[in-house]
Amino acid sequence: MLELTILGFLGERSLHGYELKARIQGLSGHVRPVSDGALYPALNRLVKAGKLDQRTEPGTGAVPRRILSLTPEGRAELHERLRSPKDVDITDGQRFFTLLAFLGQLPDRAEQAAVLRRRQEFLSAPASFFYEDGTPVRAETEPDLFRRGMLRIARATGTEEKKWLTEAIAELES
């Protein structure tokens, strides 16, 4: 997900490392903070693989800033990751939101709709945080106040997401 996030933000415009880190933190930092020990090795891998270009320019202090840009190979990689996300990128809510943050950069509306359809199919399957004899526990039958709250919040969120997915797919296919 970190590499997709890097490619996605750099697909919008060139950024220096600190600004890129701040954008990543804004997108998912409260849930999955990114450390320099994860970010900079990922940047170096992408540069080495030819997905990113880097140049230096004077910074506001004595240290020059490293400016990162997406190469044509990097843009192709970004589009492929958006077009064909892993199953976990569809089923995990935070990972899906990261994918969603950049899906607009995929130029083909039919491919965008196909990704949304995968999420819609996943959400249509009965699920719960808790199961009793293999059956999903529903909020109405859960005696624990806090678990009942989890189930109600998840249902409300899921209902709105399904509604939005239906509307977005219709708009993309019109």
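Q: Which residues touch the most other members of the largest nonpolar core?
A: We're looking at a predicted model, where local features need pLDDT of at least 70, side-chain atom pairs count only at pLDDT 80 or more, and totals for chains, interfaces and linings use all residues. Residues are numbered from 1 along each chain as its sequence is written, and side-chain values use heavy atoms, leaving out hydrogens and water. A nonpolar core is a set of buried (under 20% relative accessible area, 1.4 Å probe, protein chains only) Ala, Val, Leu, Ile, Met, Phe, Trp, Tyr and Cys residues joined through side-chain atoms within 4.5 Å. This core has 32 residues, and the ones touching the most other members are Ile-6, Leu-10, Leu-20, Leu-52, Leu-82 and Leu-116.

Q: Which element gives the most to this core?
A: Helices here are DSSP runs (H or I, at least four residues), and strands are too (E, at least two), numbered from the N terminus. Those giving two or more residues to the core include H2 (17-29), E3 and H8 (145-173). The top giver, with 5 residues, is H1.

Q: What is the angle between the planes of Phe-9 and Phe-102?
A: Rings of Phe, Tyr and Trp (its six-membered ring) pair if their centres lie within 6.5 Å; planes under 30 degrees apart are stacked, over 60 edge-to-face, the rest tilted. Phe-9 sits in helix H1 and Phe-102 in helix H6, 93 residues apart, and both are buried. Their centres are 4.9 Å apart and the pair is edge-to-face, at 85°.

Q: Is Thr-60 buried or exposed?
A: Thr-60 is in the loop between strands E2 (52-57) and E3 (65-70). Exposed means over 50% relative accessible area, with partly exposed in between. Because Thr-60 has 86%, it counts as exposed.
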